[in-house]
Amino acid sequence: MTHIEFRSDNAAGVAPEIVQAVADANVGSVIAYGDDPVTAQLHDVVREVFEHDTARVFPVTSGTAANALALTALCPPWGAVLCHETAHILNSEGGATSMLGGGAVMRGVGGDDFRMHPDELRAALDGIRWGDPHHSQPAVISITSPTDMGTIYSVDDIAELAAIGAEAGMATHLDGARIANALVALGCTPAEMTWKAGVDAVSLGCTKNGALSSEAIVVFDDAAGDELVYRTKRSGHVTSKMRFQSAQVIAYLTDDLWLRLAGNSNARMKRLAAGLEPLGVRFVNRPDVNMLFVDVGEAAAAAMAEAGMLFYDMGGGVIRLVTSWQTTDDDIDRALDITAAALAS
Ligand SMILES: Cc1ncc(COP(=O)(O)O)c(C=O)c1O
């Protein structure tokens, strides 16, 4: 039986263009630890793609590292990071930001569709005893888009939250583990979704969307960039052969590869969702990008798994389906046939 992969975009392989870029960089020898010409070129590519003359980029090895390092460069040890209560940084990173941030705390803020609501953010900030050393002082707003539940913020949503934070003297971070999927869905530029909307630092996800072993922090705030020089080293992210990470990120951002790969996963999810809707199953989230949580019931979930569909079983009949750059129309059609049969039986 050939399985159909919906567990995660992390389960997908590496895009051929990325493999080729690593092979192309594998010529001769260059100076190590990021002082190489490929990493220098990466800075130029990032500045061009993000339309920002002084943006800096730091390749790191995981999205968790990108988040924790970017956040701690923006947050003092006595500070607090505010994010949605379902955010990956709060629930799924083992407290990495607090550890690397010398005890900085994380606070969840509510809001529908797994997105921070401006009123909830204002209420959280109103409840702070500013200047009281007994209380962590909010320093950063972290926006995850797409969210962990596959919904996205509009550019205006991001700008509104960032402006509320800026009024309170806070910086804004974007967890862009799947930023390319959001860019494709919004049809906006990377600049519009980030610094033009008030974002100071971005965790630029690459690996879920076809890279091999690199994520990156893109930072528009120079002071945070200066800190990251030391923070990346002290946390073990200044790798000796950084040029191979840089080569991946360059290839990823060149000729819109990242948008084409994400375009595939978004389009396949659209097809999947359009096929599932008439089957009468309940969608837990609005599948804005490449992720759908759907309630098919326990019996159907078991039958779908039995028939070869791979997915995360969230319990109570709810399953998580994620498409990737590798998902094909044939995968979707087979999955829809399997699901229809499982629901009918
Ligand atoms: C929204 C979000 N942020 C950050 C991460 C962390 O990435 P990594 O698993 O590479 O540490 C993930 C991983 O699933 C994620 O979904």
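Predicted model: local features only at pLDDT ≥ 70, side-chain atom pairs only at ≥ 80, totals over all residues.
## Two domains

Let's start with the overall layout. The chain splits into domain 1, made of 4–12 + 258–344, and domain 2, which covers 16–256.

## The nonpolar cores

The largest nonpolar core has 58 residues, and the ones with the most contacts inside it are Leu121, Leu204, Val218, Leu253 and Trp258. Helix H11 (residues 242–253) supplies the largest share of this core, with seven residues. Where does this core sit relative to the domains? Domain 1 and domain 2 both give residues to this core, so it lies between them.

There is also a second, separate core of 24 residues, with Ala73, Cys75, Cys83 and Ala87 among them.

Back in the largest core, Leu121 is worth a click. Setting aside neighbours within four places in sequence, Leu121 is in contact with Leu82, Val109, Met116, Ile141, Leu161 and Ile164.

## Where H11 meets H12

Now look at H11 together with helix H12 (residues 257–276): their axes come within 5 Å and cross at roughly 70 degrees. Angles from 65 to 115 degrees count as roughly perpendicular, so that is the word for H11 against H12. On the H11 side the contact is made by Ala251, Tyr252 and Leu253, and on the H12 side by Leu257, Trp258 and Leu261. Sorted by class, this contact has six nonpolar residues, with no polar and no charged ones.

Asp256 is found in the loop between H11 and H12. Its phi is near 60 degrees, which is a positive value in a residue other than glycine. Most residues other than glycine have a negative phi. Is Asp256 buried or partly exposed? With a relative accessible area of 42%, Asp256 counts as partly exposed.

Pro190 belongs to helix H9 (residues 190–193). It counts as buried because its relative accessible area is 12%, under the 20% cut-off. Apart from neighbours within four places in sequence, Pro190 is in contact with Val49, Phe50, Leu183 and Trp258. As for His3, it is 187 residues away from Pro190 in sequence and 35 Å away in space, C-alpha to C-alpha.

Glu51 sits in the loop between helix H2 (37–49) and strand S2 (56–60). Here, too, is a residue other than glycine with a positive phi, near 50 degrees. Glu51 is partly exposed, at a relative accessible area of 43%.

## The loop between S5 and H7

One more stop: the loop that holds Thr147, between strand S5 (137–144) and helix H7 (155–167). Which kind of peptide bond joins Ser145 to Pro146? That bond is cis, with omega near -5 degrees. Most peptide bonds are trans. Pro146 itself lies in the loop between S5 and H7.

Thr147 is buried, with a relative accessible area of 3%. Leaving out neighbours within four places in sequence, its contacts are with Asp113, Phe114, Arg115 and Tyr153.

How values were computed:
Residues numbered from 1 in each chain as written. Heavy atoms only, no water. Core = buried A, V, L, I, M, F, W, Y, C linked by side-chain atoms within 4.5 Å. Buried < 20%, exposed > 50% of the residue type's maximum accessible area, 1.4 Å probe, protein only. Helix = DSSP H or I, 4+ residues; strand = E, 2+ residues; numbered from the N terminus. Domains from an automatic or database assignment. Contact = heavy atoms within 4.5 Å. Axes fitted to C-alpha atoms, helices over the stretch in contact; angles between N-to-C directions. Parallel < 35°, antiparallel > 145°, perpendicular 65-115°, else oblique. Nonpolar A, V, L, I, M, F, W, Y, C, P; charged D, E, K, R; others polar.
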